[in-house]
Amino acid sequence: GATSGFGLAMAHRFAKDKARLILTGRRAERLEALVRELGDAGASVLGLAFDMRDHAALSGAVADLPEAFQAIDVLVNNAGLALGLEGAPEADLSDWEAMIDTNVKGLVRLTRAVLPGMVERGRGHIVNIGSIAGSYAYPGGNVYGATKAFVEQFSRNLLCDLVRTPLRVTNIEPGLAETEFSVVRCKGDEAQARKIYEGAAFIHAEDIAEAVRWAIQQPAHININRIEIMPVGQAAGALAIHRKG
């Protein structure tokens, strides 16, 4: 997911490093504009427009990669979303399914499509963008937090399966971050999204891009398993207790 937020910041950061980039996104016009912008600046870029929930399109995009882009060294599983802030009894079931299809099924399918080539070449790094929501529960987090808990455990299990290879796996878990993510979660209500950040320090997309860059640039014998990042002023809250009376 390179058309906004963390993915957009990573695309610009890695382009500065002269990396060869494969950028994906479901918003074709935004993706085409980004590919043109980076290409005009001298980057080697391939854009693939598809929705992570479209399994056939995802598999086809990986299978049909041009030869120059087939040897993927780093996969950043960044595409993901949260929908809604309602509690579980009021939540829209279709929102839950969309989060599971994108954050879990899409991530798993793309990882599985890329992983055999990495193993065959004897090099590769899977970077999953999780969330502190996978570790710390909060009201309204319900299925979104559950999908990110899946990402955390999937990352750990990948490491177990790849322990006899040189491959690396990192799960990066951001806290409060100001990106278009919250506008999507609030279903286009920008005023509601802004309230989330009022009076608070927050993470910038560029901060996460730098964290990814740092993790993948470690020496080959080092694996950064997990990075949890919060802004100053954010901490895990106390357990919720309801008292009668």
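This is a predicted model: local features need pLDDT of at least 70, side-chain atom pairs count only at pLDDT 80 or more; totals for chains, interfaces and linings use all residues.
Residues are numbered from 1 along each chain as its sequence is written, and side-chain values use heavy atoms, with hydrogens and water left out.

Q: Which element supplies the largest share of the lining of the second largest pocket?
A: On a 1 Å grid over the protein atoms alone, a pocket is an open set of points with protein on both sides within 12 Å along at least five of seven lines, and its lining residues have an atom within 4 Å of a point. The second largest pocket is lined by 43 residues, with Ile72, Asp73, Val74, Leu75 and Val76 nearest its centre. Among the elements that each supply at least two lining residues are α1 (5-16), α4 (93-121) and α8 (205-216), but the largest share, five residues, comes from β1.

Q: How do the residues of the lining of the second largest pocket divide into nonpolar, polar and charged?
A: Here Ala, Val, Leu, Ile, Met, Phe, Trp, Tyr, Cys and Pro count as nonpolar, Asp, Glu, Lys and Arg as charged, and the others, Gly among them, as polar. The lining of the second largest pocket then divides into 28 nonpolar, nine polar and six charged.

Q: Which residues of the largest nonpolar core touch the most other members?
A: A nonpolar core is a set of buried Ala, Val, Leu, Ile, Met, Phe, Trp, Tyr and Cys residues joined through side-chain atoms within 4.5 Å, where buried means under 20% relative accessible area, exposed over 50% and partly exposed in between (1.4 Å probe, protein chains only). Leucine 38, for its part, touches Ala11, His12, Ala15, Leu21, Leu23, Ala43 and Val45, not counting residues up to four places away in sequence, with contact meaning heavy atoms within 4.5 Å. Of the 28 residues in the largest nonpolar core, those that touch the most other members are Leu23, Leu38, Ile129, Ile172 and Val212.

Q: How many residues apart in sequence are the parts tied together by arginine 123 and aspartate 73?
A: The side chains of arginine 123 and aspartate 73 meet in a salt bridge (2.5 Å, N to O), that is, a side-chain nitrogen of Lys or Arg within 4 Å of a carboxyl oxygen of Asp or Glu. Arginine 123 counts as partly exposed at 39% relative accessibility, and aspartate 73 counts as partly exposed at 37%. Because arginine 123 lies in the loop between α4 and β4 and aspartate 73 in the loop between α3 and β3, the parts that the pair ties together are 50 residues apart in sequence.

Q: Is glutamate 152 buried or exposed?
A: The side chains of glutamate 152 and arginine 226 meet in a salt bridge (3.8 Å, N to O). Arginine 226 counts as partly exposed at 37% relative accessibility. Glutamate 152, at 12% relative accessibility, counts as buried.

Q: What is the volume of the largest cavity?
A: A cavity is a set of grid points where a 1.4 Å probe fits but cannot get out, and a volume is the space filled by probe spheres set on the points. The residues that line the largest cavity include Leu83, Trp96 and Met99, and by class the lining has five nonpolar, three polar and one charged residues. The structure holds one cavity of 30 Å³ or more, and the volume of the largest cavity is about 30 Å³.

How values were computed. Helices (H or I, at least four residues) and strands (E, at least two) are DSSP runs, numbered from the N terminus.
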